[in-house]
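Welcome to this tour! Open your viewer, get your selection tool ready, and follow along stop by stop.

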Amino acid sequence: MFDMFGFLRDEGISPEIITEIQKFRERFPVEGTLSSRVPEPRYLYYGKDVWEEAATALLCGENLLLVGPKATGKNVLAENLACVFGRPSWDVSFYINTDAATLLGTDTFVDGAVSLRKGPIYQCAEKGGFGVLDEINMAKNESLAVLHATLDFRRTIDMPGYERIVLHDARFIATMNYGYAGTRELNEALASRFVVVDMPAITTEGLVKLLKREFPALRDDYAQQFAGLFQDIQKKCDG
């Protein structure tokens with residue numbers, strides 16, 4: 001398995017933050033049956049400042065809202081964070097049919113008895129995982145309403161007719177783009193429940209590292225040229 005802590009050291013992440021992440025992993029070991037849900041990322045996020053900001057917020061028990069244009073690595077960072085913290089992750093994509101039952105769960109029949117078919121938010125809360133809320137600003141208000149008590153200081157989920165779930169070590173990482181069709185502004189009540197991290201465009205140095213990791217035999221001058229080509233295309237798109 002890839003050494004994520006070695007990667008963080010190479011990126012220049014504060015040793016104190018790395019130590020606290022290791023303590024977190026020791027305090028909240030993952031259940032054996034959930035180990036397959038701990039991501040093994042193919043791609044790595046390069047950016048010391050963003051890494052330190054995001055990791056510190058999670059260590060403080062906060063939830064994250066990763067905001068930025070496309071191709072800034074929001075989902076890559078979310079996957080990397082779940083990996084380095086050693087937490088099982090549940091991915092939730094918001095679309096027009098996503099409702100409260102989809103997120104929390106709904107009644108179903110098992111062997112002739114009514115049972116709860118648990119949704120991803122419920123399972124994440126119960127197991128202390130990381131919930132990745134993809135494109136949260138595309139969700140309907142009904143879907144977002146069930147998250148309010150989950151994300152604020154109460155950190156609970158009340159399911160009528162079932163037990164109350166307390167989110168001890170669970171964290172939620174939401175991502176969003178601005179200005180795309182079908183998106184909307186988050187209301188202040190929901191936005192205040194996250195630590196907002198602005199995701200910058202990848203730097204030339206980060207692009208070179210990404211290319212060299214994916215293609216180890218690539219010559220340095222070629223990697224620089226590909227990175228420069230990407231930056232030029234991105235500037236033209238922005239214009």
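**Before we start**

You are looking at a predicted model, where local features need pLDDT of at least 70, side-chain atom pairs count only at pLDDT 80 or more, and totals for chains, interfaces and linings use all residues. Residues are numbered from 1 along each chain as its sequence is written, and side-chain values use heavy atoms, with hydrogens and water left out.

**Stop 1: the cysteines**

Select cysteine 237, which counts as exposed at 62% relative accessibility. Here, buried means under 20% relative accessible area, exposed means over 50%, and partly exposed is in between, using a 1.4 Å probe and protein chains only. Now jump to cysteine 124: at 0% relative accessibility, this residue counts as buried.

How many disulfides are there? A disulfide is a covalent bond between the sulfur atoms of two cysteines; the rule used here asks for a pair of cysteine sulfur atoms within 2.5 Å. By that rule the count is zero. For cysteine 124, the closest cysteine sulfur belongs to cysteine 83 and is 16 Å away, which is too far for a bond.

**Stop 2: strand β8**

Next, select residues 171-176, which make up strand β8. Helices (H or I, at least four residues) and strands (E, at least two) are DSSP runs, numbered from the N terminus. Is β8 buried or exposed? Six of its six residues are buried, so β8 is largely enclosed by the rest of the structure.

In a regular strand the side chains alternate between the two faces of the sheet. Colour Arg171, Ile173 and Thr175 for one side of β8, then Phe172, Ala174 and Met176 for the other: both faces are covered.

Which strands pair with β8? Two strands pair if DSSP finds at least two bridges between them. Show β1 (residues 64-67): four bridges join it to β8, and the two run parallel. Look for leucine 66, standing opposite threonine 175 of β8. Then show β5 (residues 130-134), which is also parallel to β8 and joined to it by four bridges. Here valine 132 has isoleucine 173 of β8 as its bridge partner.

**Stop 3: helix α4**

Select residues 74-84 to see helix α4, where eight of the eleven residues are buried. Among the buried ones are Leu77, Leu81 and Cys83. Step just past α4 to glycine 86, which has a positive phi of about 65°.

**Stop 4: aromatic rings**

A pair of aromatic rings is described by the distance of the centres and the angle of the planes. Rings of Phe, Tyr and Trp (its six-membered ring) pair if their centres lie within 6.5 Å; planes under 30 degrees apart count as stacked, over 60 as edge-to-face and the rest as tilted. The whole structure holds five aromatic pairs.

Select phenylalanine 7 and tyrosine 46: their edge-to-face pair is 5.5 Å centre to centre, with 80° between the planes. Phenylalanine 7 lies in helix α1 (residues 4-10) and tyrosine 46 in the loop between α2 (15-27) and α3 (48-59), so this pair ties together parts that are 39 residues apart in sequence. Because phenylalanine 7 is in α1 and tryptophan 51 is in helix α3, the pair links parts 44 residues apart in sequence. Both phenylalanine 7 and tryptophan 51 are buried.

Finish by selecting Phe24, Phe28, Phe85 and Phe130, which form one aromatic cluster.
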